[in-house]
Amino acid sequence: TQDFHFMAGIAPFSRCMDAALVSEWQSGSDFIDTELVARFGSATSSTHQGSESTCESKWSSIGKLQIPTGLSPFEVSRLHLDKITHLFQVVRRNYGTTNEQILLGELQLCFIEFLLGQNYEAFLHWRELLELFLGCTGIENHQTFFTQFLQVLHFQIKQIPNDILVDPIFADEPIFLIPQLTEFLTIYSEIFSSCPVRDSLERIMSEKFGPDWQSHLEGPTIV
């Protein structure tokens, strides 16, 4: 792969973006390479309706979790509860590789397109990817990867307007992301004792939503 430079490499999406903002985003695209841009850039189309222009991209398919044969009911339930197997399946199914960092690049790229390009389809895919990442619990053997994920999320939370996370027009839940993020950070803290980016992310959330932002976490549903 070749290094990706935001100003030059984002050209396939330039018609969806405010060029004045592009230079601020180089640090938020460090897992994007030219092959990733070419993959989704070639699938990007621009449609015009009157004075409006919208862009559509064909993102990776999340698909359903593939359950191996011969598992016990307990093992099947555990696979559904811990999304790490599903996440790695998405990487292999769409990219034919075990290098999961490429999914971090896609997370960055769809975030760029939805926030700067105002593409609702990209927002939905960003949300779907986030739910997949934040649903991973068996992360003890993947510290580097999930620390990198927190670094990506840290940048994105800093950039995103508050109303996108809390406005019901953008999300089915009253407070999007907060319950999943709270649970993930709790698991991360229990497994990895020290992580500056986790602490910094918690500070950003407190600045944006107040010091009691984690109180939005709902209690367990009893069925």
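In the predicted model, F192 is buried, with a relative accessible area of 6%, a value that falls under the 20% limit for burial. This residue lies in the loop between helix 10 and helix 11 (196-209). When residues up to four places away in sequence are not counted, F192 touches I139, E140, Q143 and R198. One of these contacts, Q143, is 49 residues apart from F192 along the chain, yet the C-alpha atoms of the two residues are separated by 7.7 Å.

Across the whole structure, the search finds 15 aromatic pairs. In one of them, the ring centres of F114 and F123 are 5.2 Å apart and the planes stand at 70°, so the arrangement is edge-to-face, the class assigned to planes over 60 degrees apart. F114 and F123 are both buried.

A tilted arrangement is found for F146 and F184, with 6.0 Å from centre to centre and 45° between the planes. This pair links distant parts of the chain, the two residues being 38 residues apart. F146 is located in helix 8 (residues 143-159), whereas F184 is located in helix 10 (residues 178-191).

Note on methods. Residues numbered from 1 in each chain as written. Predicted model: local features only at pLDDT ≥ 70, side-chain atom pairs only at ≥ 80, totals over all residues. Heavy atoms only, no water. Phe/Tyr/Trp six-rings, centres within 6.5 Å; stacked < 30°, edge-to-face > 60°. Buried < 20%, exposed > 50% of the residue type's maximum accessible area, 1.4 Å probe, protein only. Helix = DSSP H or I, 4+ residues; strand = E, 2+ residues; numbered from the N terminus. Contact = heavy atoms within 4.5 Å.
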